[in-house]
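Please keep the sequence and the model in view while reading.

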Amino acid sequence: MTDQQENIVNYEIMGDKGPAVLLIHGLFGDLDNLKRLGRDLEQDHQVIVMDCRNHGDSFHSETMNYAAMAEDVEALLNHLNLDKVSIVGHSMGGKLAMEFALSHPQRVQALIIADVAPAAYDARHRHILDALENIDLSQVKTRQDADQQLAKAVDERGVRQFLLKNLKRENEQYQWRLNLPIIDACYAEISGGVREGSYDGPVLFIKGGDSTYLTEEHRDAVNSRFSDVDIKIIEGTGHWLHAEKPRIFNRLARTFLEQHSRT
């Protein structure tokens with residue numbers, strides 16, 4: 001579903017009974033990223049997956065910061081007549097989930113944050129942004145053409161496949177679904193920390209054992225905002241823990257939601 005006129009982000013609903021759960025993807029992703037978890041939950045939850053602004057099939061905007069994206073979440077919940085949801089967010093989506101909970105704590109039942117802290121990060125995606133912007137789309141006749149160009153800068157085939165999901169073919173020409181110029185211009189804000197504040201509801205942080213996105217140095221940033229925190233580590237996984245070990249990730253998420261999402 002897309003509603004450009006109201007600036008409602010693109011979304012899909014999986015399941016129509018039980019507590020509502022909103023799943024939010026990370027940078028360069030779309031609503032498909034967490035659908036495996038959605039399918040696991042949809043029998044006894046109302047699951048909503050969304051495309052963040054400037055991603056997927058959502059509207060493009062010249063503004064991209066967590067305060068604005070939290071307003072997108074609020075608008076979506078109002079559109080769906082949902083007073084309160086649990087939220088699962090990965091990476092950028094996790095930051096957005098935290099921003100929304102800190103700004104609208106009364107509307108969040110529980111949070112699951114996948115491998116990210118509420119703190120600012122260095123520009124660790126800069127090489128990916130540069131690589132995507134350096135692809136000459138006029139020379140792309142097939143996805144393989146784009147993959148060959150991207151391989152000059154990105155070694156991991158799985159990462160390239162994930163990134164190239166953002167290509168769409170229109171009028172015999174490949175184009176980006178992503179709003180790359182704005183993501184680039186707003187990258188410092190996307191990499192930045194979320195707002196100060198407090199959310200007293202239950203929060204589960206799930207960390208990839210091999211990832212450096214959530215470390216001991218982030219403890220103060222977490223504890224200054226959240227008072228009811230649990231942390232689980234999935235050993236042998238990196239930042240894409242939900243894709244690398246989905247059965248374990250989904251089990252942790254489901255157990256937490258079953259404990260906390262029913263009022």
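How close do the axes of helix α2 and helix α3 come, and at what angle do they cross?

## Basis of the report

The model is a predicted one, in which local features need pLDDT of at least 70 and side-chain atom pairs count only at pLDDT 80 or more, while totals for chains, interfaces and linings use all residues. Residues are numbered from 1 along each chain as its sequence is written, and side-chain values rest on heavy atoms, with hydrogens and water left out.

## Helices α2 and α3

The axes of α2 (residues 66-79) and α3 (residues 92-103) come within 9 Å and cross at roughly 75 degrees; axes here are lines fitted to C-alpha atoms, for helices over the stretch in contact, and angles run from 0 to 180 degrees between N-to-C directions. The two helices, α2 and α3, are therefore roughly perpendicular to each other, on a scale where angles under 35 degrees count as roughly parallel, over 145 as roughly antiparallel, 65 to 115 as roughly perpendicular and the rest as oblique.

From α2, the residues that make the contact are Tyr66, Ala67, Met69, Ala70, Val73, Glu74 and Leu77, and from α3 they are Met92, Lys95, Leu96, Glu99, Phe100 and Ser103, where contact means heavy atoms within 4.5 Å. Sorted by class, this contact has 9 nonpolar, 1 polar and 3 charged residues; Ala, Val, Leu, Ile, Met, Phe, Trp, Tyr, Cys and Pro count as nonpolar, Asp, Glu, Lys and Arg as charged, and the others, Gly among them, as polar.

## The chain as a whole

The chain has 11 helices and 9 strands, these being DSSP runs numbered from the N terminus, with helices (H or I) of at least four residues and strands (E) of at least two. Its radius of gyration is 18 Å, close to the 18 Å that the globule rule gives for 263 residues, so the chain is as compact as a globular protein of that length; the radius is taken over C-alpha atoms, and the rule is 2.2 Å times the number of residues to the power 0.38.

Along the principal axes, the C-alpha atoms fill a box of roughly 55 × 40 × 35 Å. Of the 263 residues, 56% are buried, a term that means under 20% relative accessible area, with exposed meaning over 50% and partly exposed in between (1.4 Å probe, protein chains only). Among contacts between residues at least 6 apart in sequence, 75% join residues at least 24 apart.

## The sheet

An open sheet of 7 strands, with mixed pairing, has the order β1-β3-β2-β4-β5-β8-β9; two strands pair if DSSP finds at least two bridges between them. At its edges stand β1 (11-14) and β9 (226-234), each with a single partner strand, so one side of each is left without a neighbour in the sheet. From one strand to the next, the twist averages 20 degrees.

Strand β5 (residues 108-114) runs parallel to β8 (residues 199-208) and is joined to it by 4 bridges, with Leu111 having Val203 of β8 as its bridge partner. Helix α11 (residues 246-260) packs on the sheet, where it touches β2 (20-24), β4 (85-90), β5, β8 and β9, and its direction makes about 160 degrees with that of β5.

Strand β2 is mostly covered, with 5 of its 5 residues buried: Ala20, Leu22 and Ile24 point one way, and Val21 and Leu23 the other. Strands β2 and β3 run parallel and are joined by 5 bridges, and the partner of Ile24 in β3 is Met50.

## Selected residues

The loop between β3 (46-50) and α2 holds Asn54 and His55. Asn54 is buried, with a relative accessible area of 0%, and its phi is near 65 degrees, a positive value in a residue other than glycine. His55 is likewise buried at 0% relative accessibility; not counting residues up to four places away in sequence, His55 touches His25, Gly26, Leu27, Phe28, Gly29, Met64, Met92, Leu178 and Ile183.

Asn81, in the loop between α2 and β4, also has a positive phi, near 55 degrees, but counts as exposed at 68% relative accessibility. Its C-alpha atom and that of Gly236, 155 residues apart along the chain, are separated by 40 Å.
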